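Hi everyone, thanks for making time this morning. I'd like to walk you through one model, so please have a look at it while I talk.

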Amino acid sequence: MPAGQDRAADDAGCHILHVDMDAFYASVELRDRPELAGRPVIVGGASGRSVVLSATYAARKFGVRSAMPMARARRLCPAAVIIPPTHGLYGAVSREIMGIFRSVTPLVEPLSLDEAFLDVSGAIRRLGSPAQIGQLIRRQVAEQQQITCSVGVAPNKFLAKLASVHCKPDGLLVIPVDGVRAFLDPLPVSALWGVGDRTGQTLARLGLKTVADIAATPPAALQAELGKATAEHLLALAAGRDSRRVESAVREKSIGAEETFDTDISDPGLIRRELLRLSGRTARGLRRGSCRARTVVVKLRTADFKTITRSKTLAEPTDTQQVIYQTACALYAGSGLSPQARLRLVGVRATGLVPAAAAATQLALGEQPVPWREAETVVDRITGKFGVNAVRPATLVEPREAGGSARHGE
Ligand SMILES: [Mg+2]
(Lines give C-alpha, C1' and ligand atoms only; values in the text may rest on other atoms or scores of the structure.)
Protein backbone atom coordinates (compact mmCIF):
# COMPACT_ATOMS: atom_id res chain seq x y z
CA MET A 1 0.00 0.00 0.00
CA PRO A 2 1.59 3.25 -1.10
CA ALA A 3 -0.20 5.56 1.35
CA GLY A 4 2.84 5.96 3.59
CA GLN A 5 5.18 6.83 0.76
CA ASP A 6 2.75 9.17 -0.95
CA ARG A 7 2.16 10.99 2.27
CA ALA A 8 5.69 10.85 3.67
CA ALA A 9 5.72 14.63 3.90
CA ASP A 10 2.82 14.45 6.35
CA ASP A 11 4.54 12.26 8.90
CA ALA A 12 6.63 14.94 10.63
CA GLY A 13 6.20 14.50 14.39
CA CYS A 14 4.70 11.02 13.96
CA HIS A 15 7.46 9.12 15.73
CA ILE A 16 5.33 6.36 17.27
CA LEU A 17 4.65 3.20 15.26
CA HIS A 18 2.20 0.46 16.16
CA VAL A 19 3.10 -2.69 14.24
CA ASP A 20 0.64 -5.59 14.28
CA MET A 21 0.84 -8.87 12.37
CA ASP A 22 -2.29 -9.73 10.38
CA ALA A 23 -4.06 -12.90 11.65
CA PHE A 24 -0.72 -13.95 13.14
CA TYR A 25 -1.05 -17.67 13.99
CA ALA A 26 -3.16 -18.35 10.90
CA SER A 27 -0.70 -16.51 8.63
CA VAL A 28 2.20 -18.48 10.08
CA GLU A 29 0.36 -21.77 9.53
CA LEU A 30 -0.47 -20.82 5.93
CA ARG A 31 3.21 -20.41 5.03
CA ASP A 32 3.50 -24.18 4.68
CA ARG A 33 0.03 -24.62 3.17
CA PRO A 34 -0.11 -22.33 0.12
CA GLU A 35 -3.08 -24.33 -1.18
CA LEU A 36 -5.18 -22.77 1.64
CA ALA A 37 -4.42 -19.15 0.68
CA GLY A 38 -7.60 -17.08 0.50
CA ARG A 39 -9.69 -19.74 2.24
CA PRO A 40 -11.32 -19.43 5.66
CA VAL A 41 -8.81 -20.91 8.11
CA ILE A 42 -9.10 -21.03 11.90
CA VAL A 43 -6.30 -21.92 14.31
CA GLY A 44 -7.49 -23.55 17.52
CA GLY A 45 -8.15 -26.85 19.22
CA ALA A 46 -10.78 -29.08 17.65
CA SER A 47 -12.62 -29.93 20.87
CA GLY A 48 -15.93 -28.26 21.66
CA ARG A 49 -14.47 -26.43 24.63
CA SER A 50 -11.57 -24.78 22.83
CA VAL A 51 -11.55 -21.25 21.47
CA VAL A 52 -10.46 -19.56 18.26
CA LEU A 53 -6.84 -18.45 18.62
CA SER A 54 -6.61 -16.84 15.20
CA ALA A 55 -8.71 -16.62 12.02
CA THR A 56 -7.86 -15.53 8.48
CA TYR A 57 -9.70 -12.56 7.01
CA ALA A 58 -11.65 -14.96 4.78
CA ALA A 59 -13.02 -16.57 7.99
CA ARG A 60 -13.63 -13.20 9.65
CA LYS A 61 -16.03 -12.33 6.82
CA PHE A 62 -18.35 -14.93 8.37
CA GLY A 63 -18.11 -13.27 11.79
CA VAL A 64 -15.43 -15.54 13.22
CA ARG A 65 -13.30 -13.75 15.82
CA SER A 66 -10.38 -14.57 18.13
CA ALA A 67 -11.37 -15.92 21.56
CA MET A 68 -14.76 -17.06 20.23
CA PRO A 69 -15.77 -20.62 21.25
CA MET A 70 -14.76 -23.00 18.47
CA ALA A 71 -18.27 -24.52 18.39
CA ARG A 72 -19.74 -21.12 17.54
CA ALA A 73 -17.05 -20.40 14.93
CA ARG A 74 -17.85 -23.70 13.20
CA ARG A 75 -21.53 -22.86 13.07
CA LEU A 76 -20.76 -19.43 11.57
CA CYS A 77 -18.35 -20.83 9.01
CA PRO A 78 -18.82 -24.59 8.43
CA ALA A 79 -16.42 -24.52 5.48
CA ALA A 80 -13.50 -23.27 7.58
CA VAL A 81 -10.34 -25.37 7.70
CA ILE A 82 -9.36 -25.85 11.34
CA ILE A 83 -5.68 -26.17 12.13
CA PRO A 84 -4.47 -27.10 15.63
CA PRO A 85 -1.86 -24.68 17.05
CA THR A 86 1.80 -25.62 16.62
CA HIS A 87 3.47 -25.43 19.98
CA GLY A 88 6.57 -23.24 20.06
CA LEU A 89 6.29 -22.02 16.48
CA TYR A 90 4.61 -18.65 17.08
CA GLY A 91 7.01 -17.74 19.87
CA ALA A 92 9.94 -18.47 17.58
CA VAL A 93 8.51 -16.34 14.75
CA SER A 94 7.70 -13.62 17.30
CA ARG A 95 11.33 -13.47 18.43
CA GLU A 96 12.45 -12.98 14.82
CA ILE A 97 9.91 -10.20 14.31
CA MET A 98 10.87 -8.43 17.54
CA GLY A 99 14.47 -8.73 16.31
CA ILE A 100 13.51 -6.81 13.14
CA PHE A 101 11.88 -4.11 15.30
CA ARG A 102 14.96 -3.87 17.54
CA SER A 103 17.23 -3.48 14.53
CA VAL A 104 15.29 -0.23 13.90
CA THR A 105 15.21 1.10 17.47
CA PRO A 106 15.87 -0.16 21.01
CA LEU A 107 12.60 1.51 22.04
CA VAL A 108 10.31 -1.45 21.39
CA GLU A 109 7.39 -2.26 23.69
CA PRO A 110 5.84 -5.64 22.85
CA LEU A 111 2.12 -5.85 23.65
CA SER A 112 1.81 -9.50 22.76
CA LEU A 113 3.61 -11.98 20.53
CA ASP A 114 2.57 -10.22 17.36
CA GLU A 115 2.34 -6.51 18.07
CA ALA A 116 4.50 -3.75 19.50
CA PHE A 117 4.87 -0.02 19.86
CA LEU A 118 8.09 1.49 18.52
CA ASP A 119 9.48 4.96 19.14
CA VAL A 120 11.48 5.67 15.97
CA SER A 121 12.54 9.26 16.72
CA GLY A 122 16.17 8.14 17.12
CA ALA A 123 16.17 6.20 13.83
CA ILE A 124 14.94 8.90 11.45
CA ARG A 125 18.37 10.23 10.46
CA ARG A 126 19.62 6.71 9.75
CA LEU A 127 16.55 5.12 8.13
CA GLY A 128 14.26 7.85 6.85
CA SER A 129 10.93 9.31 7.89
CA PRO A 130 8.57 7.37 10.22
CA ALA A 131 6.40 6.26 7.28
CA GLN A 132 9.48 5.07 5.38
CA ILE A 133 10.59 3.16 8.47
CA GLY A 134 7.13 1.61 8.66
CA GLN A 135 7.40 0.45 5.06
CA LEU A 136 10.90 -0.88 5.70
CA ILE A 137 9.60 -2.98 8.59
CA ARG A 138 6.69 -4.26 6.52
CA ARG A 139 9.08 -5.26 3.74
CA GLN A 140 11.49 -7.04 6.09
CA VAL A 141 8.72 -8.94 7.88
CA ALA A 142 7.29 -10.05 4.52
CA GLU A 143 10.68 -11.07 3.11
CA GLN A 144 12.04 -12.80 6.20
CA GLN A 145 8.84 -14.35 7.59
CA GLN A 146 6.46 -14.51 4.60
CA ILE A 147 3.62 -12.90 6.56
CA THR A 148 2.01 -9.47 6.37
CA CYS A 149 1.61 -6.82 9.02
CA SER A 150 -0.04 -3.44 9.38
CA VAL A 151 1.61 -0.29 10.69
CA GLY A 152 0.05 2.77 12.28
CA VAL A 153 2.23 5.91 12.24
CA ALA A 154 1.15 8.73 14.54
CA PRO A 155 2.22 11.30 17.13
CA ASN A 156 1.34 8.97 20.08
CA LYS A 157 0.48 5.41 21.10
CA PHE A 158 -3.29 5.83 21.19
CA LEU A 159 -3.42 7.22 17.65
CA ALA A 160 -0.82 4.78 16.28
CA LYS A 161 -2.89 1.81 17.49
CA LEU A 162 -6.08 3.26 16.00
CA ALA A 163 -4.22 3.81 12.73
CA SER A 164 -3.03 0.20 12.45
CA VAL A 165 -6.52 -1.13 13.21
CA HIS A 166 -7.85 1.19 10.51
CA CYS A 167 -5.52 0.02 7.74
CA LYS A 168 -5.65 -3.75 8.37
CA PRO A 169 -4.79 -6.05 6.73
CA ASP A 170 -1.47 -5.43 4.98
CA GLY A 171 -1.58 -1.65 5.25
CA LEU A 172 0.17 1.43 6.55
CA LEU A 173 -1.59 4.56 7.71
CA VAL A 174 -0.14 7.88 8.83
CA ILE A 175 -2.25 10.13 11.05
CA PRO A 176 -0.55 13.49 10.42
CA VAL A 177 -0.33 15.95 13.30
CA ASP A 178 -2.69 18.33 11.51
CA GLY A 179 -5.00 15.49 10.52
CA VAL A 180 -5.75 14.17 14.01
CA ARG A 181 -9.04 16.02 14.37
CA ALA A 182 -10.32 14.88 10.97
CA PHE A 183 -9.39 11.28 11.72
CA LEU A 184 -10.88 11.14 15.22
CA ASP A 185 -14.07 13.16 14.79
CA PRO A 186 -16.23 10.61 12.94
CA LEU A 187 -15.11 7.58 15.02
CA PRO A 188 -17.60 6.04 17.48
CA VAL A 189 -16.94 6.73 21.17
CA SER A 190 -16.02 3.05 21.62
CA ALA A 191 -12.78 3.81 19.72
CA LEU A 192 -11.55 5.68 22.80
CA TRP A 193 -9.37 3.39 24.87
CA GLY A 194 -11.04 2.68 28.23
CA VAL A 195 -14.66 3.07 27.10
CA GLY A 196 -16.30 -0.12 28.30
CA ASP A 197 -19.94 -1.08 28.63
CA ARG A 198 -20.78 1.17 31.56
CA THR A 199 -19.12 4.32 30.29
CA GLY A 200 -20.51 3.55 26.85
CA GLN A 201 -24.05 3.39 28.25
CA THR A 202 -23.63 6.72 30.05
CA LEU A 203 -22.32 8.35 26.88
CA ALA A 204 -25.22 6.91 24.86
CA ARG A 205 -27.70 8.27 27.42
CA LEU A 206 -26.11 11.71 26.99
CA GLY A 207 -26.51 11.40 23.23
CA LEU A 208 -22.74 11.36 22.66
CA LYS A 209 -22.11 9.03 19.73
CA THR A 210 -18.87 10.14 18.10
CA VAL A 211 -15.50 11.33 19.30
CA ALA A 212 -16.41 14.79 17.95
CA ASP A 213 -19.46 14.80 20.27
CA ILE A 214 -17.20 14.18 23.28
CA ALA A 215 -14.63 16.76 22.22
CA ALA A 216 -17.43 19.36 21.98
CA THR A 217 -18.87 18.58 25.44
CA PRO A 218 -18.00 21.05 28.21
CA PRO A 219 -15.60 19.34 30.67
CA ALA A 220 -17.80 20.19 33.66
CA ALA A 221 -20.79 18.44 32.10
CA LEU A 222 -18.78 15.31 31.38
CA GLN A 223 -17.26 15.32 34.88
CA ALA A 224 -20.69 15.51 36.49
CA GLU A 225 -21.72 12.32 34.71
CA LEU A 226 -18.52 10.28 34.66
CA GLY A 227 -16.36 11.61 37.50
CA LYS A 228 -13.26 13.72 37.16
CA ALA A 229 -10.71 11.06 36.24
CA THR A 230 -12.75 9.35 33.52
CA ALA A 231 -13.92 12.66 32.06
CA GLU A 232 -10.37 14.01 31.87
CA HIS A 233 -9.12 10.77 30.35
CA LEU A 234 -11.81 10.77 27.64
CA LEU A 235 -11.39 14.45 26.82
CA ALA A 236 -7.63 14.01 26.42
CA LEU A 237 -8.08 11.05 24.06
CA ALA A 238 -10.87 12.81 22.16
CA ALA A 239 -8.42 15.67 21.62
CA GLY A 240 -5.84 13.14 20.37
CA ARG A 241 -3.61 13.54 23.44
CA ASP A 242 -1.81 10.56 25.00
CA SER A 243 1.38 11.10 26.97
CA ARG A 244 2.26 7.44 27.57
CA ARG A 245 5.83 6.69 26.52
CA VAL A 246 7.08 3.57 24.78
CA GLU A 247 8.38 1.41 27.66
CA SER A 248 11.09 -0.75 26.23
CA ALA A 249 12.03 -2.93 29.19
CA VAL A 250 11.02 -4.07 32.60
CA ARG A 251 12.68 -1.54 34.90
CA GLU A 252 12.96 -3.40 38.19
CA LYS A 253 15.31 -6.33 38.35
CA SER A 254 13.38 -8.03 41.14
CA ILE A 255 10.21 -7.73 43.17
CA GLY A 256 9.73 -9.08 46.65
CA ALA A 257 8.72 -8.65 50.24
CA GLU A 258 10.15 -9.58 53.61
CA GLU A 259 9.09 -9.58 57.20
CA THR A 260 11.06 -9.12 60.40
CA PHE A 261 9.25 -10.66 63.35
CA ASP A 262 8.79 -8.98 66.71
CA THR A 263 9.69 -12.26 68.33
CA ASP A 264 11.69 -15.05 66.72
CA ILE A 265 9.59 -17.87 65.27
CA SER A 266 10.38 -21.57 65.19
CA ASP A 267 6.97 -23.03 64.28
CA PRO A 268 7.23 -24.26 60.63
CA GLY A 269 3.47 -23.81 60.22
CA LEU A 270 3.73 -20.13 61.10
CA ILE A 271 6.72 -19.68 58.84
CA ARG A 272 4.88 -21.26 55.92
CA ARG A 273 1.95 -18.95 56.59
CA GLU A 274 4.31 -16.00 56.43
CA LEU A 275 5.73 -17.34 53.16
CA LEU A 276 2.17 -17.53 51.80
CA ARG A 277 1.51 -13.90 52.68
CA LEU A 278 4.82 -12.70 51.25
CA SER A 279 4.27 -14.77 48.10
CA GLY A 280 0.94 -13.01 47.66
CA ARG A 281 2.55 -9.59 47.94
CA THR A 282 5.28 -10.59 45.50
CA ALA A 283 2.78 -11.96 42.98
CA ARG A 284 0.68 -8.81 43.22
CA GLY A 285 3.79 -6.70 42.61
CA LEU A 286 4.58 -8.75 39.51
CA ARG A 287 1.07 -8.43 38.13
CA ARG A 288 0.99 -4.71 38.84
CA GLY A 289 4.24 -4.33 36.89
CA SER A 290 2.93 -6.56 34.05
CA CYS A 291 5.86 -8.92 34.45
CA ARG A 292 6.58 -12.50 35.38
CA ALA A 293 9.52 -14.03 37.16
CA ARG A 294 11.73 -16.91 36.16
CA THR A 295 13.27 -17.40 39.59
CA VAL A 296 11.98 -17.49 43.16
CA VAL A 297 14.36 -16.62 46.01
CA VAL A 298 13.73 -17.28 49.70
CA LYS A 299 15.69 -15.49 52.41
CA LEU A 300 15.79 -16.88 55.94
CA ARG A 301 17.58 -15.13 58.81
CA THR A 302 18.03 -17.04 62.03
CA ALA A 303 17.89 -15.64 65.55
CA ASP A 304 21.71 -15.55 65.59
CA PHE A 305 21.76 -13.42 62.38
CA LYS A 306 22.85 -16.15 60.03
CA THR A 307 21.27 -15.45 56.61
CA ILE A 308 20.46 -18.21 54.18
CA THR A 309 19.18 -17.62 50.64
CA ARG A 310 17.89 -20.38 48.39
CA SER A 311 16.63 -19.97 44.84
CA LYS A 312 14.92 -22.04 42.20
CA THR A 313 14.39 -21.28 38.52
CA LEU A 314 10.98 -22.29 37.23
CA ALA A 315 10.11 -24.14 34.04
CA GLU A 316 7.89 -21.21 33.06
CA PRO A 317 7.89 -17.59 34.28
CA THR A 318 5.10 -16.96 36.78
CA ASP A 319 3.15 -14.18 38.45
CA THR A 320 0.89 -16.30 40.66
CA GLN A 321 0.91 -16.59 44.43
CA GLN A 322 0.32 -20.34 44.28
CA VAL A 323 3.41 -21.12 42.21
CA ILE A 324 5.62 -18.72 44.17
CA TYR A 325 4.35 -20.07 47.49
CA GLN A 326 4.82 -23.73 46.54
CA THR A 327 8.36 -22.96 45.35
CA ALA A 328 9.12 -20.94 48.48
CA CYS A 329 7.91 -23.80 50.71
CA ALA A 330 10.08 -26.29 48.84
CA LEU A 331 13.09 -23.98 49.23
CA TYR A 332 12.37 -23.54 52.94
CA ALA A 333 12.01 -27.31 53.40
CA GLY A 334 15.29 -27.87 51.57
CA SER A 335 17.16 -25.04 53.27
CA GLY A 336 19.07 -27.34 55.61
CA LEU A 337 17.84 -25.47 58.67
CA SER A 338 16.94 -27.67 61.59
CA PRO A 339 13.18 -27.80 62.16
CA GLN A 340 13.72 -26.13 65.53
CA ALA A 341 15.70 -23.21 64.09
CA ARG A 342 14.32 -19.88 65.28
CA LEU A 343 13.90 -17.28 62.56
CA ARG A 344 13.84 -13.52 62.92
CA LEU A 345 13.19 -12.71 59.25
CA VAL A 346 11.80 -14.39 56.17
CA GLY A 347 11.68 -12.95 52.67
CA VAL A 348 10.38 -13.94 49.25
CA ARG A 349 11.77 -12.40 46.09
CA ALA A 350 11.07 -12.89 42.40
CA THR A 351 13.93 -12.30 39.95
CA GLY A 352 14.65 -12.85 36.28
CA LEU A 353 11.71 -10.67 35.33
CA VAL A 354 10.26 -10.76 31.84
CA PRO A 355 7.41 -8.66 30.42
CA ALA A 356 4.12 -10.54 30.85
CA ALA A 357 3.36 -9.99 27.17
CA ALA A 358 6.49 -11.84 26.13
CA ALA A 359 5.72 -14.69 28.53
CA ALA A 360 2.14 -15.11 27.37
CA THR A 361 2.85 -17.71 24.68
CA GLN A 362 2.09 -20.74 26.77
CA LEU A 363 -1.23 -19.36 27.91
CA ALA A 364 -2.28 -18.49 24.38
CA LEU A 365 -1.37 -21.92 23.08
CA GLY A 366 -2.48 -24.14 25.92
CA GLU A 367 -5.96 -25.53 25.89
CA GLN A 368 -6.37 -24.66 29.57
CA PRO A 369 -5.44 -21.25 30.91
CA VAL A 370 -3.48 -21.08 34.17
CA PRO A 371 -6.39 -21.18 36.61
CA TRP A 372 -4.63 -19.42 39.48
CA ARG A 373 -3.77 -16.41 37.35
CA GLU A 374 -7.41 -15.80 36.50
CA ALA A 375 -8.51 -16.18 40.10
CA GLU A 376 -5.74 -13.96 41.40
CA THR A 377 -6.35 -11.29 38.75
CA VAL A 378 -9.93 -11.08 39.98
CA VAL A 379 -8.59 -10.71 43.50
CA ASP A 380 -6.31 -7.89 42.31
CA ARG A 381 -9.34 -6.00 41.12
CA ILE A 382 -11.10 -6.42 44.46
CA THR A 383 -8.06 -5.53 46.56
CA GLY A 384 -7.45 -2.57 44.26
CA LYS A 385 -10.85 -1.30 45.37
CA PHE A 386 -11.09 -2.41 48.97
CA GLY A 387 -7.50 -2.91 50.13
CA VAL A 388 -5.29 -5.98 50.45
CA ASN A 389 -7.13 -7.37 53.46
CA ALA A 390 -10.40 -7.73 51.57
CA VAL A 391 -9.51 -11.11 50.04
CA ARG A 392 -6.94 -13.50 51.44
CA PRO A 393 -6.26 -17.21 51.41
CA ALA A 394 -8.11 -18.96 54.23
CA THR A 395 -4.97 -19.72 56.22
CA LEU A 396 -4.25 -16.02 56.55
CA VAL A 397 -7.62 -15.09 57.95
CA GLU A 398 -6.94 -16.53 61.41
CA PRO A 399 -5.56 -14.10 63.96
CA ARG A 400 -1.79 -13.85 63.75
CA GLU A 401 0.00 -15.26 66.75
CA ALA A 402 3.35 -13.76 65.83
CA GLY A 403 2.92 -10.05 65.37
CA GLY A 404 4.93 -8.79 62.42
CA SER A 405 6.08 -5.24 62.44
CA ALA A 406 8.63 -4.04 59.93
CA ARG A 407 7.41 -4.59 56.40
CA HIS A 408 9.54 -3.78 53.44
CA GLY A 409 9.49 -4.51 49.79
CA GLU A 410 6.67 -4.65 47.25
MG1 LIG B 1 -2.33 -9.07 15.38
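Let me begin with a term: two strands count as paired if DSSP finds at least two bridges between them. Helices (H or I, at least four residues) and strands (E, at least two) are DSSP runs, numbered from the N terminus. Now for the ground rules. This is a predicted model, where local features need pLDDT of at least 70 and side-chain atom pairs count only at pLDDT 80 or more, while totals for chains, interfaces and linings use all residues. Residues are numbered from 1 along each chain as its sequence is written.

Strand β10, residues 291–302, pairs with strand β11, residues 307–318, in the antiparallel sense over 8 bridges. A293 has T318 in β11 as its bridge partner. The hairpin of β10 and β11 has 4 residues between the strands, and F305 takes a positive phi near 65° there.

Next, a sheet. What is the strand order in the open sheet of 3 strands? The order is β3-β2-β4, with mixed pairing. β3 (54–55) and β4 (81–83) are the edge strands, each pairing on one side only. Strand β2, residues 41–43, runs antiparallel to β3, and 2 bridges join them. Opposite I42 you will find A55 in β3.

A nonpolar core here is a set of buried Ala, Val, Leu, Ile, Met, Phe, Trp, Tyr and Cys residues joined through C-beta atoms within 7 Å. Buried means 20 or more other C-beta atoms within 10 Å of the residue's own, exposed means 12 or fewer, and partly exposed is in between, with C-beta atoms placed from the backbone. The largest nonpolar core has 70 residues, and those touching the most other members are L17, I42, F101, L118, V153 and A163. Helix α5, residues 89–104, gives the most to this core, with 6 residues. At least three residues of the core come from each of domain 1 (1–177) and domain 2 (185–238); those bounds come from an automatic or database domain assignment. Apart from it lies another core, of 29 residues, including V297, L300, I324 and L353.

On to helix packing. Axes are lines fitted to C-alpha atoms, for helices over the stretch in contact, and angles run from 0 to 180 degrees between N-to-C directions. The axes of helix α14 (residues 268–288) and helix α15 (residues 321–333) come within 8 Å and cross at roughly 140°. α14 and α15 are therefore oblique to each other (under 35 degrees is roughly parallel, over 145 roughly antiparallel, 65 to 115 roughly perpendicular, and the rest oblique).

I'll finish with some backbone details. Most residues other than glycine have a negative phi, and most peptide bonds are trans. A23 is buried, with 25 other C-beta atoms within 10 Å. The loop between α8 (157–166) and β8 (172–174) holds P169, and the peptide bond from K168 to P169 is cis, with omega near -15°. D170 is found in the loop between α8 and β8 too, with a positive phi near 55°. D170 is partly exposed, with 14 other C-beta atoms within 10 Å.
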